[in-house]
Amino acid sequence: RLLEAAAALPLARDGVRERTRYLGREITRIDRLEAAGLEADVSLLHQARKALVRRDPDRVVAALSALDAGALAAVELEVSARTGAALARIHGGAASTGAALARDHGGGAASLARSARQVLGEAADVVASAVDDARGGALHQLSIGGVPSDRQAARSFLEYLPEGSERAILRASLAADGLFEVGGALTPVRITEERRALRMVRHPTQDLQLTPAEDVHDLRDAVIGDPRSVLLDLATGRLFTRRFVEEVAERRRRVVMRGEVRVYVLDGSGSMRGPRARVRDAILVAELSTLMGRLADPGDTRCTLFFRYFDERLGHVTRVDTIAGARDAIRQIVGTERAGGTDIQLALMASLEQIAEARALDPELARAQIVLVTDGEAEVDEPAIVAARDALGGLPIGVSVIALGEENLALRGLVSRQRAKGEAAFYHYLDDAELREITEGDLAGALAVHAPDRWAELARDPERLARALDDEVGGLLDELEDLERARDVAALDRLEEEAQARREVGLPDEHDGADGARARIEAARRDRVALAARFARWFPDPSAAASAAPLPKANTPERDDVDAACCALASVAEVVALLGGAPAARQADAIDLLERLLPDARLTPARYRAVLREHPDAIAPSLRALRDAVAGPPPGT
């Protein structure tokens with residue numbers, strides 16, 4: 001929304017810049033944490049505990065870093081003080097927070113490099129090797145001498161691609177997901193598939209074959225040698241019968257994901273040097289990294305990318321639709337010096353022609369996107385571009401712009417008018433100061449989300465690693481769990497106080513029937529008598545129930561209710577056994593979980609209790625399994 005508004009309205013540049021930096025930094029942080037092994041939909045504290053049990057130092061540190069950043073953002077001082085101190089101990093410093101720690105002790109730079117390889121995958125290694133090879137070739141040219149023009153070309157290339165360029169490209173590629181719309185959207189498309197199959201029929205066709213007879217009905221067309229052994233041959237599978245073969249076509253419609261065709265048009269003029277060139281190339285590296293991931297497991301997704309560089313002339317068009325092609329493209333992108341003028345109009349018109357050719361090759365093409373990356377201020381004939389786009393016969397085409405270093409008002413207006421029509425297009429502008437931040441790694445974040453090198457050395461000795469993890473993290477996780485339980489108790493107390501206040505003024509209790517919440521309050525207060533009574537109402541002792549109505553017949557509403565109740569109880573038993581905890585906590589968890597599962601099982605609490613009452617024999621095994629899970633394993637096991 002911010003980028004859309006910035007493209008369409010004259011917003012204050014400083015405000016847009018600060019918000020863009022914040023959003024880009026947070027998206028990049030999430031990408032790094034997920035690449036380190038964290039899951040977005042699982043409690044961070046639970047993931048930290050799980051990593052500690054599995055002796056996974058990298059995931060332990062990633063979870064603590066995420067907890068620390070989240071506590072700082074939420075101003076949870078008790079949590080941030082503990083996580084910050086723990087991260088300082090882990091990395092051997094005395095900083096108060098993980099972010100400050102990473103800046104002070106260099107852990108952030110090493111962690112950032114590891115994140116680049118985790119997020120970008122093979123593309124990161126290709127970038128590093130391509131830069132080394134390109135610079136090595138230029139240095140070799142200088143060492144052997146040669147004609148002056150060759151030496152000058154080598155010196156110019158080394159200035160264009162200085163030492164450390166691979167780090168700048170990888171940092172910018174890592175931040176690209178948070179700043180640009182890279183990755184190419186996938187569009188659902190409904191297709192009709194036709195599969196031709198052979199089918200055995202009894203009526204005459206052009207093709208006839210012999211197949212083993214299966215029953216007495218096949219005797220009419222059987223090939224009989226000795227009539228006395230017909231039954232024996234049929235029983236042993238030695239009797240063959242004539243079958244006609246017919247080819248039939250089977251059609252089915254299904255939805256597949258089609259990747260939009262993206263045509264990257266990149267400014268290769270002489271002004272695109274330094275951070276501008278690094279970010280320009282990094283955008284394409286990030287796109288190719290995503291493409292390689294999709295091609296590695298393509299399924300029904302078609303992925304194709306075109307790119308070309310331009311100056312006052314158009315460069316060669318490169319089509320990428322294989323992993324090997326993506327590797328070659330990355331080497332070409334980062335290992336080539338570019339210089340010249342700028343002709344944006346020519347580049348855009350040629351790109352529309354390229355999409356027309358792609359449409360001819362793939363009639364099912366869902367949509368296309370031209371992404372222009374430039375720093376040039378140039379005249380653009382918008383009516384000519386619109387006319388060329390309309391000539392493609394209704395194929396949705398967005399002309400998007402990434403302006404690096406310099407604003408381009410003509411292109412901004414082109415994108416803004418597309419947005420006003422509801423078309424998919426974007427306009428991103430980053431000034432030179434932002435580009436320097438990106439290539440230096442400031443925007444990607446200096447937070448260390450990986451374990452220090454000394455822990456990697458400890459991994460060779462599992463016992464020492466276990467002791468180090470327990471010493472540094474074990475007590476911390478216990479403290480954080482106590483804080484979390486205290487927050488839960490406070491929240492539940494407020495819930496109960498609110499319900500009491502509503503009752504006092506005659507308003508209905510919004511939480512009537514919320515036995516799970518009340519069970520948690522009772523568990524927190526160690527009110528075992530009340531909790532046990534509540535648990536017994538939800539999960540009565542199956543041995544005390546007397547047999548009632550017989551099990552309902554299959555495919556009846558009553559049988560469906562019994563099956564749904566059994567499935568819900570089995571699910572709760574499995575989760576409670578997995579979560580563990582004290583017996584009181586298990587009882588509260590079981591009540592809360594079942595209360596949440598009943599709507600999915602299409603059962604009301606009243607209907608669930610009716611099933612318990614009317615069909616105790618059918619429900620008894622599930623109840624017994626759940627009560628065993630809540631009781632936990634016997635002592636000493």
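## Second largest cavity

Four nonpolar, one polar and four charged residues make up the lining of the second largest cavity. Nonpolar covers Ala, Val, Leu, Ile, Met, Phe, Trp, Tyr, Cys and Pro; charged covers Asp, Glu, Lys and Arg; the others, Gly among them, are polar. The model is predicted: local features need pLDDT of at least 70, side-chain atom pairs count only at pLDDT 80 or more, and totals for chains, interfaces and linings use all residues. Numbering starts from 1 along each chain as its sequence is written, and side-chain values use heavy atoms, with hydrogens and water left out.

The lining residues are R17, T20, R21, L179, L430, E434, E437, I438 and L443. Helices α2 (13-35) and α17 (432-440) each contribute at least two of the lining residues. The space inside is about 40 Å³. Across the whole structure, two cavities of 30 Å³ or more turn up. A cavity is a set of points on a 1 Å grid over the protein atoms alone where a 1.4 Å probe fits but cannot get out; lining residues have an atom within 4 Å of a point. Points join across faces, edges and corners, and volume is the space filled by probe spheres set on them.

How many residues of β7 are buried? Seven of the seven are, so the strand is largely enclosed by the rest of the structure. Buried means under 20% relative accessible area, exposed over 50%, partly exposed in between (1.4 Å probe, protein chains only). From β7, A368, I370, L372 and T374 point one way. Q369, V371 and V373 point the other way. Strand β8 (residues 397-404) is mostly covered too, with eight of its eight residues buried. Here I397, V399, V401 and A403 point one way, and G398, S400, I402 and L404 the other. Strands (E, at least two residues) and helices (H or I, at least four) are DSSP runs, numbered from the N terminus.

The pairing runs from β4 to β9 through these two strands. Strand β4 (residues 261-267) pairs with β7 in the parallel sense over six bridges. Two strands pair if DSSP finds at least two bridges between them. R262 has Q369 of β7 as its bridge partner. Q369 in turn stands opposite G398 in β8. Strands β7 (residues 368-374) and β8 are parallel over seven bridges, and L372 stands opposite V401 in that pairing. On to strand β9 (residues 427-430): β8 pairs with β9 in the parallel sense over four bridges. V401 stands opposite Y427 there.

## Two positive phi values

Most residues other than glycine have a negative phi. N555 has a positive phi of about 65 degrees and is not a glycine. This residue sits in the loop between α21 (528-538) and α22 (557-579). Is N555 buried or exposed? N555 counts as exposed, at 78% relative accessibility.

R602, also not a glycine, has a positive phi near 60 degrees. The loop between α23 (583-597) and α24 (605-614) holds R602. R602 is exposed, with a relative accessible area of 78%.

## Confidence

The protein has a mean pLDDT of 80, and 85% of its residues reach 70 or more. pLDDT is the predictor's confidence in each residue, from 0 to 100.

Technical notes: 1 Å grid on protein atoms, 1.4 Å probe; cavity = no way out; pocket = protein on both sides within 12 Å on 5 of 7 lines; lining within 4 Å.
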